[in-house]
Each structure stands twice: as structure tokens, then as C-alpha cells.
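Please open the structure in the viewer and keep the selection tool at hand.

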Amino acid sequence: KKHNYFTYGINSETMAPRDDDKVCAKPPTLDDIPDLLTTMLEESGEKSAAATKKIYELCDVGHKQNRVPMVCSGKYDLLTPLAKCLTQESGDGRHLACLALNNLSIPTENKRVMALGPASKDVIGGLTKVIKEDKQESYLCCICLMNLSFLEASIGNILKFSEGDGDFLDDPDSLLRVLEKLLTNSPAVPKAGSGKSEGVRWACGLIKNLAKSEENAKLIGQTKIPRCVVDNIKASTTPPSRWTSNSLEDFSLFVILNLAQWPGSKEALLSAGAVDVIKPIMAEGELQGLKATMACAFLDASWSSFPDGGTPAATSVSELMTNIVEKKGKDGQYAYGVFKLYTATKAYRDLSAAAKNSGNELANTKTLAIPSAVALSLKVLSDIILAAVNDAEGAKYVPDSMSAEYAVAAIDNLLPAILQESEPARKSIQSEKACSEISQMLNAYADLSGSSSSAKDSAKNAADKVKNAGSSARPVLEISHDLWTQFRKREGQPMDQFLSQEKGIEVDESGPLDFLPCVNSGSGGCVIV
């Protein structure tokens, strides 16, 4: 819908500036902001809206360079006045204030000030009020909040917004309850492009970001939102292969994926029948298939639920892990930073658990024991150990404690395939070395403070089995070890950290034979044969 932005100060008959408003005809500058804010707050109607329009023009697409100075320079206190404009009954002023706040919320530097600074309560409160009142600009307010929520440090502050002092879950005017109401009150199939459908769509985009933390996901799990996003997928008549980025379905599946990761919100999805709804999407492949695959893994879907014997799941999740570590995305599907390493490693762990418990352990774990994925799991573990031991050289490592816990559990689950002997069986110096070094590393992880008891148990169990496997060739382990070694060489990490220090016992006259009385007597009367 196009909105009518009046050219205030222009005579509509002659298109010439009116004598009393010539000042409004010139393009605004940053120096005009104090006067414009005064007009916004002290005037009403067209004059206030005209001033708001000037503020918007200062940060529109043609003036992106102004956005950071307007918020971060400390010269202009414009966030609270813009937030107050959101409460205006006049649609023009409110709409223009929404547009200005949206533009200002885009730069990363501005997000912290707007979502966490002194004016954050005014900004979040004003946006929430427009959504609650179901104004025409509701979708713009959802977009603005979504922009701010890309700063992960802000998502707790945004989700927990409430005007009251009590529990925000009990406050019907809190942002969480307002979003819940927006989703539950929408038509089963809102008309595409309508204000209602746009509000629901961008609300799901906002919830997608807010659900990234475990604490937030637990809170969202206590609302009707999980059932609503499952219903969004269920009601869709568009095939997943045609879902566009930022569509309602795309956002809803992302919400399901983020909520499925955490115990506090997982149960709400299971109760809503999420697995049966998203399971068919796995066969689509590409981005939507990847999201559905990981969500199904988090929701404890059986191994038989994954198409084609789990091969596409193993391939896509392993590739995602590699891309995240190498700081790259996948063309046409996802950019780097869309998925976290702990999300990918957790999906890998949960897939490995499903394969292990499938009743055909060796065959199904072989599907997942891709050497590159096993090597990456070893790298995640060694990085956190090396970072703890070599504090001064921390830049060489990417310690991620959550990913390390998932990686060690995956390795433990996949041992039947990782340690499968060669056919025919043979001796291998490379396997012997790999078993020694990897078992040393696993024991070092088990001794690391801060790891959970279950992760320590997985590490110790795996270390024992790997150590005892060095007597014959283990091809998957050899290749995985070689790839892990290449990782470390490329990043300049120490190569002797996990080598066995048991070099044997020196044997000389002051060594293990010194119990003989003549050895140190100096008499020279003993002959040692």
C-alpha cells in the first residue's frame, strides 16, 4: 500500500512555496533537528507531521550516512520524541515516525542505543503499543523490533518489555503477550498482503530472532506461540520449494527450529504435533529441508523419519558445520552467521543418537561418520582444550563449550562406524598414532573444568575405546585424524599437544638397576651381563 506523504509547505495549486512556510521547502540538515523536534512535540496535526517527515528524510535511503550520527553522536535526543509520535492519533505523523525509527534501527551501532540505552523503554514501549492497538503501522513496528533484535545482546531486553513492575508473563500489555495475541487472533489464512497478514509475518520474523536464547525460548514456550507457528506451516498452500526468504512460512519454520533446540520450549512443539507437520519438508532439500531436518533431530524424530536412509541429513548438516567453521555460507541458501555452530553440532549429535538407537547401529552410524564431520568435531574439542591451556595464544582457537559438548557426544555415538576395521584386517602405524593422539585429546577434554558430567562420561568412554583400537587399521579414523591435523597446521596450532609423553624408561647404572649393591659402590666389582 502506498502512503500519501504530503509535501508540507508546498501550495498544492501553484506548487510554489507559501510565503509563511518557505523554511520547510529547503532540504533539511542535521542542524535543523533541534527545531524539528520542538515542532514535533509542541505542535499538532500537519505541522507536527511535517516536522516528523523532515526527520524521516534526514535518514531515508538517500541519506544513510546520517543514521549513525543522528542516534550515536550525543547531539540529538530524538528517540524519545519519535517514540511519543507513535502515540499520535494522526496516521501521518505516526506512520512517518515508524519509518524513521525503522531506518535508524538498521545500523549496528544504533541497535545498542535504541534497544539497551536510556530511551530503550520509550522506543520498545511505543512500538509495542502500536502493535497492541492493531494500527495500520503494526507491521512496521514488528520490522523495527526485528531489526533491533539482530543485536543478540538485546533480545532479552526486548522480549521482557513490560510497562508494569510485576511478572511480564502476567501482563497482557507486555510485548510477549501482545505478539501472542496478534498471532492467535489472526485469520486461519490471512489475505496475502493485507495489514493483518503483514503484521503476523513480521511478528514471526521478530520471534525468530527472540527465540535464539534458551531463556527466551523457555518463556515463548509458555505461550500459544509454538502452536501458532506450527499451524502457519500446516495451513500453507505454497510448496516449501517456493517459500521465499522472509515469507510467513520461512519465518515460522525458523521459529520452530530455534524453539526445538531448547528443553524449555521443545515440549510445546511436540504437543502441537510439530514433527508430523515438518517431517515432509525434509525431502525438499535446500534451506527449508535443512531447517526441517535439524528441527526433527532436535525433536527426537526416529532415524526412519529421515529420507533416503539419512544420507541427505548427514550431508547437509555436515556441510553446514564445515561452512560455519570456515566462515562461509551456501550460495542461494544461507549466508554466514544465519546458523550458529552450536545449532549444527547439536543437530549432528541428535542425528547420531537416532542412528545409534535405530536397531541397525553400524550401518546407520556409517552414514553420519563422514571423515570431514568427524574431523571437525575433533577440532571443536581440541580448540576448547588448547584455548584453556594456551591463554596467551587464544586467537588461534575458537572455543565453544556448547559445541564441544555436542561434538564429544556425537563422536561417542558414532564409534561403531569410526572404529570399524579395514577389510581384510591389517596393522597400521597411522591408525596406531591416530588412536593414541585422539584418546589423549579426549582424556584432556574429560579433565577440563566446566564440562558437564555427561560430556565427561562420553569423553572417557570414547577415549578408552579409541585407545584400545590401535592394534589394527581403522580407515575412517585415519582419514578423520589426517583432516584434523590439517586443520591444526593451517591455523598454526601446536602439533605435539596431544602426543603421548610416555617415552619409556632410561636404563643405565643409575636407573632401574641401582638396587644392586655394587652399582654405586665404586668398587667396580660387579659385572652386569
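In which helix is Glu 286 found? Select residues 286-298: this is helix α18, and Glu 286 belongs to it. The model is a predicted one. Glu 286 is not a glycine, yet its phi is positive, near 50 degrees. Its relative accessible area is 60%, so Glu 286 counts as exposed.

Next, select Asn 246, in the loop between α14 (225-235) and α15. Here too the residue is not a glycine and phi is positive, at about 70 degrees. With a relative accessible area of 32%, Asn 246 is partly exposed.

Proceed to Glu 423 and Pro 424, which are joined by a cis peptide bond with omega of about -5 degrees. Pro 424 is located in the loop between α24 (415-418) and α25 (429-446).

**Aromatic rings**

The model contains six aromatic pairs. For one of them, display Trp 262 and Tyr 342: the pair is tilted, with 6.0 Å from centre to centre and 50 degrees between the planes.

Then select Phe 254, Tyr 334 and Phe 339, which ring pairs link into a cluster.

At Trp 484, the residue over the face is Arg 488, at 3.7 Å from the ring centre.

Around Tyr 445, leaving aside residues up to four places away in sequence, the residues touched include Leu 381, Ile 384, Ile 385, Ala 404 and Val 408. Glu 405 and Ser 451 are also among them.

**Confidence**

Finally, colour the chain by pLDDT. The average is 87, and 86% of the residues score at least 70. Select residues 1-24, where pLDDT stays under 50; the model has 29 contacts beyond four places in sequence for this stretch. Residues 513-524 also have a pLDDT below 50, and this stretch has 10 contacts beyond near neighbours in sequence.

Definitions and conventions. Residues numbered from 1 in each chain as written. Predicted model: local features only at pLDDT ≥ 70, side-chain atom pairs only at ≥ 80, totals over all residues. Heavy atoms only, no water. Phe/Tyr/Trp six-rings, centres within 6.5 Å; stacked < 30°, edge-to-face > 60°. Lys NZ or Arg CZ within 6 Å of the ring centre and 35° of its normal. Contact = heavy atoms within 4.5 Å. pLDDT = per-residue confidence, 0-100. Helix = DSSP H or I, 4+ residues; strand = E, 2+ residues; numbered from the N terminus. Buried < 20%, exposed > 50% of the residue type's maximum accessible area, 1.4 Å probe, protein only.
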